[in-house]
Amino acid sequence: MNKIEKCGYVAIIGRPNVGKSTLLNDLVGQKVSIVSPKPQTTRQQILGIKTVDEVQAVYIDTPGLHKTEQRAMNRYMNRLANAVIIDANVVVFMVDATRWYDEDDAILEKLADVTAPVILAINKIDKVKDKSRLLPFISRLSERYNFAKIVPMSAKKYENVAELEKVIMDLLPEGPHFFPDEQVTDKDERFQVAELIREKLIQLTEQEIPYSTTVVVESMKLEGNLLNISAIIWVEREGQKPIVIGKDGALLKRIGTLARKDIEKLFDKKVFLRLWVKVKSDWTNNERLLQGLGFE
Ligand SMILES: Nc1nc2c(ncn2[C@@H]2O[C@H](COP(=O)(O)OP(=O)(O)O)[C@@H](O)[C@H]2O)c(=O)[nH]1
Ligand SMILES: [Mg+2]
């Protein structure tokens, strides 16, 4: 007997740092979206695809919705996030169990235009010692919006993720699958490699460096069982170069070692990774340059 196929887009939205990318990786079972404690880690929209029998969920990890639009990068991320909410079949609005932020209010306002069912995911409950304190939080929020479901959870500790997934799957509309059942992400291998390098860069540097750098994979060649990769870390200013390289090249070496291990795990191959640091001035402010680097 043929079962009826279901498929739809699921937008994961919420303020920066709330745990959207962590949830996406949980759901698809692979690191398709990089994670760090710093906001603006996710710059491009990333699809994570999960097919279970006849149901296919296409998750969209959105860059954070920003209240203030300062630079071209922020404007670009805002446009993306808005478009995603409108087109989604299901919206997962993620908030932090420990605190309500002004940005959450701004997102709630945007949800007024959404006709798709919205699930409220209250994340980071592992940080709430007394779970009964969640109850007034839940009841206040349920008065502010007609959520299809409210799910307290922890993406990091994998608590209630399976329950959330079930709620999502049940809400997806009937229709043919958009992607082959075994596909996990829409991004190509070069992008995934660049992102893993950027993740280490963000995790190991401070202040403006995480926000003023981008990574481009120049070449990627399979030689026997060895994957030979060379990539460029673009920084904004000459003065940032020595920071990324570190004393005697120590920081760049650590970034390279950690990234290489992740890349080896991803492709199940030995990897030889070469990194260069170059200066591309004022790239976050220049929309044309953004496009040139692959941010369409
Ligand atoms: N304690 C705790 N930390 C979490 C949880 N989910 C995510 N985080 C952490 O929050 C930070 C931001 O996560 P990320 O997924 O990058 O957030 P995004 O900006 O919304 O994509 C990272 O340091 C995560 O490890 C959770 O359930 N509990
Ligand atoms: Mg993210």
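**Reading a predicted model by its cut-offs**

Visitor: Why is Phe147 called buried?

Guide: Phe147 has a relative accessible area of 10%, and a residue counts as buried when that value is under 20%, as exposed when it is over 50%, and as partly exposed in between (1.4 Å probe, protein chains only). Since 10% is under 20%, Phe147 is buried. This is a predicted model, in which local features need pLDDT of at least 70 and side-chain atom pairs count only at pLDDT 80 or more, while totals for chains, interfaces and linings use all residues. Residues are numbered from 1 along each chain as its sequence is written, chains are lettered from A and ligands numbered from 1 in the order in which they are written, and side-chain values use heavy atoms, with hydrogens and water left out.

Visitor: How much of the chain is buried?

Guide: Buried residues make up 51% of the 296 residues in the chain. The chain exposes about 14600 Å², of which carbon and sulfur atoms supply 49%; accessible areas come from the Shrake-Rupley method with a 1.4 Å probe, and for residues only the protein chains shown count as cover.

Visitor: What makes up the secondary structure of the chain?

Guide: The secondary structure comes to 9 helices and 9 strands, where helices (H or I, at least four residues) and strands (E, at least two) are DSSP runs, numbered from the N terminus.

Visitor: In what order do the strands of the open sheet lie, and what makes S2 and S6 the edge strands?

Guide: The open sheet has 6 strands in the order S2-S3-S1-S4-S5-S6, with mixed pairing. Strand S2 (46–52) and strand S6 (149–152) are the edge strands, as each pairs on one side only. From one strand to the next the twist averages 20 degrees, with axes taken as lines fitted to C-alpha atoms (for helices over the stretch in contact) and angles running from 0 to 180 degrees between N-to-C directions. Helix H3 (residues 102–111) lies across S1, S4 and strand S5 (118–123), and runs at about 160 degrees to S4.

Visitor: Why is S1 described as largely enclosed by the rest of the structure?

Guide: Of the 8 residues of S1, 7 are buried, and therefore the strand is largely enclosed by the rest of the structure.

Visitor: Why is the pair of Tyr9 and Phe178 called stacked?

Guide: The structure holds 3 aromatic pairs, and in one of them Tyr9 and Phe178 lie 5.1 Å apart from centre to centre, with 25 degrees between the planes. Rings of Phe, Tyr and Trp (its six-membered ring) pair if their centres lie within 6.5 Å, and planes under 30 degrees apart count as stacked, over 60 as edge-to-face and the rest as tilted, so 5.1 Å and 25 degrees give a stacked pair. The partners are 169 residues apart, with Tyr9 in strand S1 and Phe178 in the loop between helix H5 (161–171) and H6. Tyr9, at 28% relative accessibility, counts as partly exposed, and so does Phe178 at 43%.

Visitor: What makes the pair of Tyr145 and Phe147 tilted?

Guide: Their centres are 5.0 Å apart and their planes 45 degrees apart, so by the cut-offs for rings the pair is neither stacked nor edge-to-face, but tilted. Tyr145, at 17% relative accessibility, counts as buried.

Visitor: How do you know that Lys280 lies over the face of Trp234?

Guide: Lys280 is 4.2 Å from the ring centre of Trp234, and a charge sits over a ring if NZ of Lys or CZ of Arg is within 6 Å of the ring centre and within 35 degrees of the ring normal. The charged end of Lys187 likewise sits over the ring of Phe191, at 5.2 Å from its centre.

Visitor: Which residues does Gln192 contact, leaving aside its neighbours within four places in sequence?

Guide: Gln192 is in contact with Gln30, Thr185, Lys187 and Leu266, contact meaning heavy atoms within 4.5 Å. Gln192 lies in helix H6 (residues 189–204), and its relative accessible area of 12% makes it buried.

Note on methods
Two strands pair if DSSP finds at least two bridges between them.
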